[in-house]
Amino acid sequence: MVDSKNVFVDLEINSFDECIDFISKKAFELGISSDFKQTKDDLLKREKEMSTALLFPLAVPHTKSISINRSDLIFLRLNNYIDWNGEKVKIVISLFSFEKDYNSHIEMLSKISRKLIDENFRKSLEVDSKKEIVKNLNKIMKG
């Protein structure tokens, strides 16, 4: 279940680095991660392998890490587009999985990826209320 505490809208974040920093700090504050720095390093390592900016205006940074306490996600909607490895991004869905929980990681990625193909869904993420976003993310994760 996606908790409303994991959904952040109307954020003033101005860069990729600032966004990764925010996600890592929130993961630590929410108890998803036990180590802010390790989580941040792991997210950055994944980005170096291949950008997670998938479909305009969306990025899905993700990590499997020893610093992760439980599989979870954090959703961000930014007030302005930021440059994400050459792509414009305003919606960020960050996925976290424990390093050895391969099945959970793949399951979360596939559920999100299947839904993100739907352009109407992507557009809704830009305008829906926080309550609607939580409801829709929970539908996806149950699916």
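**Reading burial and aromatic pairs**

Trainee: In which strand does Ile 82 lie?

Mentor: Ile 82 belongs to strand 4, residues 72-84. Please note that the model is predicted.

Trainee: Is Ile 82 buried or exposed?

Mentor: Buried means under 20% relative accessible area. Ile 82 has a relative accessible area of 3%, so Ile 82 is buried. Leaving out residues up to four places away in sequence, Ile 82 touches several residues, among them Ile 13, Phe 16, Cys 19 and Val 89.

Trainee: How does one describe a pair of aromatic rings?

Mentor: A pair of aromatic rings is described by the distance of the centres and the angle of the planes. The whole structure contains 3 aromatic pairs. In one of them, the ring centres of Phe 8 and Phe 22 are 5.4 Å apart and the planes stand at 90°, so this pair is edge-to-face. Phe 8 is in strand 1 and Phe 22 in helix 1 (residues 16-29), so the pair ties together parts 14 residues apart in sequence.

Trainee: Which arrangement do Phe 56 and Tyr 81 form?

Mentor: Phe 56 and Tyr 81 are stacked, with 5.5 Å from centre to centre and 25° between the planes. Phe 56 lies in the loop between helix 2 (36-49) and strand 2 (58-59), and Tyr 81 in strand 4, so this pair ties together parts 25 residues apart in sequence. Phe 56 counts as exposed at 51% relative accessibility, whereas Tyr 81 is partly exposed at 36%.

Trainee: Which charged ends sit over the ring of Tyr 81?

Mentor: The charged end of Lys 88 sits over this ring, 5.8 Å from its centre. The charged end of Lys 90 also sits over the ring of Tyr 81, 5.3 Å from its centre.

Technical notes. Residues numbered from 1 in each chain as written. Predicted model: local features only at pLDDT ≥ 70, side-chain atom pairs only at ≥ 80, totals over all residues. Heavy atoms only, no water. Helix = DSSP H or I, 4+ residues; strand = E, 2+ residues; numbered from the N terminus. Buried < 20%, exposed > 50% of the residue type's maximum accessible area, 1.4 Å probe, protein only. Contact = heavy atoms within 4.5 Å. Phe/Tyr/Trp six-rings, centres within 6.5 Å; stacked < 30°, edge-to-face > 60°. Lys NZ or Arg CZ within 6 Å of the ring centre and 35° of its normal.
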